[in-house]
Amino acid sequence: MTTPLHPAIERVTKRITERSADTRGAYLASMAAQRKNGTQRGGMGCANMAHTTAALPASDKLKIHAERAPHVGVITAYNDMLSAHQPYEHYPELIRGHARALGATAQVAGGVPAMCDGVTQGAAGMELSLFSRDVIALATAVGLSHNVFDAALMLGICDKIVPGLFIGSVQFGHLSTVFVPAGPMTSGLSNDAKAKVRQQYAQGLVGRDALLESEAQAYHSPGTCTFYGTANSNQMLMEIMGLHLPGASFVNPGTELRELLSKAALERALANTGKTGEPAICMADIVSEKTIVNGIIGLLATGGSTNHTIHLVAMARAAGVLIDWDDFAELSAVVPLLARVYPNGSADVNHFHAAGGMGFLMQELLTNGLLHGDVTTVMGQGLGAYANEPCLQDGQLAWRPVPTVSGDTAVLRPVSEPFSADGGLRLLQGNLGRSVVKVSAVKPEHRVVRAQAVVVSDQQDLLALFNADKINKDLIAVVRYQGPRANGMPELHKLTPPLAVLQDKGFKVALVTDGRMSGASGKVPAAIHLSPEALADGPIARVMDGDWITLDCERGVLELEVDAATLAARSAVHPDLSHNEHGTGRELFGLFRTHASTAESGASPLFGDRP
């Protein structure tokens, strides 16, 4: 018997619905108008139609000209530099062929950029990372703007790619839309072993050859990286929000099951057009206040990426739903942590999937009143279909009930036996502003740090201090001018190994920044996404070396121990940021600074900020 919805979840959902009434109403009105108008194919001029079909085989041209069958547009993030996106190379061919076999047609509507934070980490290119989300959103919208499609397939995996695809495609929410994953690479070197070598390299105990060999054993084949960072959090999010097929997120690429799931995604997209006899289901039907809350709950229950405290805010806003960090914090207090996947544990996503994966997780949340079950998904009404998982049966795709017992309680647990009673995401507030911290990987003894500030305006400066053995002490590293207006809000994951080394030496260590950490935020407490940022005259710009700071994850406190009058009398430190204006691609920061918002709002004015 299903438990009634938890009152806190009901309360937060009601608050979001009331807060979003105007913006959500405007979005739905726009989608209703688009849905009524439909595609333009029937009323297109002959020249327009000829442009649409010029490169297609004669049989496809006839179907499209005659409006005989649904036409599917594919937006792809394929490139063969990124392991996660390399499997997409042959997906268009697969999709076109299967569409023809089903009597339908498909075209690649457009491509979007897909950069890898793992490649650009610690380098100037990383400063374009967050900016790329809005570029991807715009590119997605450009691809769909031809308005000749009845359905859309979104091919994307990683950090900014899925949020960008979502933001762009939800503007065309009148279309039947399905997100199509490619799956994680098979397990390589364990994440714990990889992290150990990284720390040894930071200490100078091993050389670059050993580090490179370790990394190459971890990242070794086509597919998504196997740790539970933003890329795999994206996949979890699309599944729990009903935009993936059930159980599709973590099936490895290059397998028969993966190919059959990709074909089945096309079949669902076609069925949901309403042109094949089944009820029409468009993206605007699926994405609702309840869907967004389900996404937050999934993030908390799995210990997912802190990047989604930015991305999910922007994604929701694109559909007229207004959420903020208070919603995350209130839900975190009642949603238990059910998964231990690196960096929150030693397992990777393949182990999570084998232990029961998304199906077990969603079933546990549903039956215990911790998830909205009365939502629309690509499978139809309700989340019932997500209590089944895909499998092979006589060479065909089949579905079977998900396990009722975890296959490995060291990785995945029931609600009755969680790893933690809360989701591990905390909101920190104080005279420095508001920030978030993920404590699911932080041991309880490290969750309260009171220490003196070591202040830098560039992550390289902190690394230099570490390499010179000048910060072997208790400290709170304050890394400022890393916000979206300053330099694009790069991830600061390069700081994780040296700070972890200091913590392992017995020092009290924490990080405070207006920038981001990786979705793989680890065992050192990190108050990130601090808002307001330094370049927006946030108090972090007035912190001085030696100031005492208290970072208390248990009480939700981030406090600079300087009285208000003294702090107000200080002049903000303004480092030379001119280097952010020059070099390959760096002129784009002029545009980004103009349109970037605070971290907490998550969205840029290109799509409308939260008031």
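This report describes selected features of a predicted protein model, from its nonpolar cores to its backbone details.

The model is predicted: local features need pLDDT of at least 70, side-chain atom pairs count only at pLDDT 80 or more, and totals for chains, interfaces and linings use all residues. Residues are numbered from 1 along each chain as its sequence is written, and side-chain values use heavy atoms, with hydrogens and water left out.

## Nonpolar cores

A nonpolar core is a set of buried Ala, Val, Leu, Ile, Met, Phe, Trp, Tyr and Cys residues joined through side-chain atoms within 4.5 Å. Buried means under 20% relative accessible area, exposed means over 50%, and partly exposed lies in between (1.4 Å probe, protein chains only). The largest such core holds 141 residues, and Phe 166 and Ile 323 have the most contacts inside it. Contact means heavy atoms within 4.5 Å. Apart from neighbours within four places in sequence, Phe 166 is in contact with Phe 179, Met 238, Met 241, Leu 243, Met 283, Val 287 and Met 315. A second, separate core has 29 residues, including Val 442, Val 478, Val 512 and Leu 558.

Helices (H or I, at least four residues) and strands (E, at least two) are DSSP runs, numbered from the N terminus. Helix 16 spans residues 325-332, and its buried residues are Trp 325, Asp 327, Phe 328, Leu 331 and Ser 332. These residues lie on the same side of helix 16, because they cover an arc of only 160 degrees around the axis; the arc is that of the directions from the helix axis to the C-beta atoms. Among the elements that cover the buried residues of helix 16 are helix 1 (7-19), helix 14 (289-302), helix 15 (308-318) and strand 9 (425-430).

At the start of helix 16, a side-chain oxygen of Asp 324 comes within 3.0 Å of the backbone nitrogen of Asp 326. A polar contact is a pair of N or O atoms within 3.5 Å; within protein, one must be able to donate a hydrogen and the other to accept it, and residues adjacent in sequence count only if both atoms are side-chain atoms.

Ala 319 is located in the loop between helix 15 and helix 16. Ala 319 counts as buried because its relative accessibility is 0%. Not counting residues up to four places away in sequence, Ala 319 touches Arg 24, Tyr 27, Val 170 and Val 287.

## Thr 52

Thr 52 belongs to helix 3 (residues 46-53) and is buried, with a relative accessible area of 15%. A polar atom of its side chain lies 3.0 Å from the backbone oxygen of Asn 48. Thr 52 also touches Met 44, Gln 107 and Val 148, when residues up to four places away in sequence are not counted.

## Aromatic rings

A pair of aromatic rings is described by the distance of the centres and the angle of the planes. Rings of Phe, Tyr and Trp (its six-membered ring) pair if their centres lie within 6.5 Å; planes under 30 degrees apart count as stacked, over 60 as edge-to-face and the rest as tilted. A search of the whole structure finds 2 aromatic pairs, listed below.

| Pair | Centre to centre | Angle between planes | Class |
|---|---|---|---|
| Tyr 88 and Tyr 91 | 5.0 Å | 85 degrees | edge-to-face |
| Phe 250 and Phe 352 | 6.0 Å | 80 degrees | edge-to-face |

Phe 250, in the loop between helix 11 (230-240) and helix 12 (256-271), and Phe 352, in helix 17 (residues 349-354), are 102 residues apart, and their pair links distant parts of the chain. Both Phe 250 and Phe 352 are buried. Tyr 88 is buried at 0% relative accessibility, and Tyr 91 is buried at 7%.

## Backbone details

Most residues other than glycine have a negative phi, and most peptide bonds are trans. Asn 147, however, has a positive phi near 55 degrees; this residue is in the loop between helix 7 (129-144) and strand 3 (151-155). Met 489 also has a positive phi, near 55 degrees, and lies in the loop between helix 20 (484-487) and helix 21 (496-504).

A cis peptide bond joins Tyr 342 and Pro 343, with omega about 15 degrees. Pro 343 is in the loop between helix 16 and helix 17. The peptide bond from Ser 531 to Pro 532 is cis as well, with omega near 5 degrees.
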